[in-house]
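Please open the model in your viewer and keep the selection tool at hand. The tour below moves from one selection to the next and says what is to be found at each stop.

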Amino acid sequence: MPAILQLLDLTRTYRGGGHDLTVVQGVSLSINAGTTCAITGPSGSGKTTLLGLCAGLDRATSGSVVLDGHALERLDEDERALLRRDRVGFVFQDFQLVPTLSAVENVAVPLELRRHNGARKLAAELLQRVGLGDRLDHYPVQLSGGEQQRVGLARAFIHRPAILFADEPTGNLDSATGAAVEDLLFELNREAGTTLILVTHEAELAARCGRVIRLMNGTVVADYAPGEHRESTVHSSRGSSVYPHDGAFGPAGSGAAGGRP
Ligand SMILES: Nc1ncnc2c1ncn2[C@@H]1O[C@H](COP(=O)(O)OP(=O)(O)OP(=O)(O)O)[C@@H](O)[C@H]1O
Ligand SMILES: [Mg+2]
């Protein structure tokens, strides 16, 4: 399986206030396409910072991130934005919805950026899928935290990213809604071959992933496969697709990363 993400001696130091704070320190690892990986660790251990570096939202102080074959440190801002638009989905810990757009408009943004015709219709269908079919025209301020989180999730995968980063995607959800969102994430992995990288404090969610990476003070202190049960990538015995009217994107399950255009 090819690596979709490679980190080499990655370090991020925040400067300011008279002293430097290194929050990601010498992280090296490789993640294969089509796999699932949980990043765990105490609050402040650098999980969100690491995710932002991997997704090209932030720049490393030193070291390298190779995402989908591109060394991010060699790309300029526009090139990184294009790579994110085409290949990356990101669920933010603090949602980061556009306050002036309704739920359905927020979700449609990644497809509208690509001038996709059916963006709004597909956005409405995905919101239905995350249990928000009756909140399409609500603005973020009119939504609860968990509802905003689900809007953020639908936005993150509407364009079928090759790799989806999710920062505590079930952190604000009750257990039933959280379980439904989890199932959806793993369906994306199985059906569309989407590589999942999840930050979570929840042991059960981490245990569903093929690999767990534990951070402490910005360094990797554990990296293991929980249990015997390894993730599958593209084959699903279920009939339903994560993506309604799958034809909008071409065939689903066409292979992890390699089957993408
Ligand atoms: N822009 C910034 N400037 C200075 N320090 C920062 C900045 N962003 C994050 N930090 C610090 O970096 C450390 C790691 O933060 P990060 O958000 O990555 O932690 P985390 O593991 O995601 O924590 P949590 O579980 O609470 O979300 C923290 O100590 C934080 O205060
Ligand atoms: Mg965080």
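Begin by selecting ligand 1 together with the residues around it, namely Tyr-14, Leu-21, Val-23, Gly-41, Ser-43, Gly-44, Ser-45, Gly-46, Lys-47, Thr-48, Thr-49 and Gln-93, a residue being counted as near a molecule or strand if its C-beta atom, placed from the backbone, lies within 6 Å of it. The model is a predicted one, in which local features need pLDDT of at least 70 and side-chain atom pairs count only at pLDDT 80 or more, while totals for chains, interfaces and linings use all residues. Residues are numbered from 1 along each chain as its sequence is written, and chains are lettered from A and ligands numbered from 1 in the order in which they are written.

Which elements each supply at least two residues of the shell? They are β2 (19–32) and α1 (47–54), and the largest share, three residues, comes from α1; helices (H or I, at least four residues) and strands (E, at least two) are DSSP runs, numbered from the N terminus.

Next, select the open sheet of four strands, whose order is β2-β1-β4-β5 and whose pairing is antiparallel; two strands pair if DSSP finds at least two bridges between them. β2 and β5 (70–71) stand at the edges with a single partner strand each, so one side of each is left without a neighbour in the sheet. Strand β4 (residues 62–67) is joined to β5 by two bridges, and Leu-67 has His-70 of β5 as its bridge partner. Contact here requires C-beta atoms, placed from the backbone, within 7 Å, and axes are lines fitted to C-alpha atoms, for helices over the stretch in contact, with angles running from 0 to 180 degrees between N-to-C directions.

Now move to the open sheet of six strands, in the order β6-β7-β8-β3-β9-β10 and with mixed pairing. Its edge strands, β6 (88–91) and β10 (219–224), each pair on one side only. Within the sheet, β7 (residues 163–167) and β8 (residues 195–199) pair in the parallel sense over five bridges, and Asp-167 stands opposite Val-199. Strand β3 (residues 36–40) is also parallel to its partner β9, over four bridges, with Ala-38 opposite Val-212. By contrast, β9 (residues 211–216) and β10 run antiparallel and are joined by five bridges; the two form a hairpin with two residues between them, and Asn-217 in the turn has a positive phi of about 50°.

Finally, select helices α3 (residues 103–112) and α4 (residues 119–129), which pack at an angle of about 125° with their axes 8 Å apart. That angle makes α3 oblique to α4, since angles under 35 degrees count as roughly parallel, over 145 as roughly antiparallel, 65 to 115 as roughly perpendicular and the rest as oblique. The contact includes Val-107 and Leu-111 of α3 and Leu-122 and Leu-126 of α4, and its residues divide into eleven nonpolar, no polar and two charged.

Technical notes. Two residues are in contact if their C-beta atoms, placed from the backbone, lie within 7 Å. Ala, Val, Leu, Ile, Met, Phe, Trp, Tyr, Cys and Pro count as nonpolar, Asp, Glu, Lys and Arg as charged, and the others, Gly among them, as polar.
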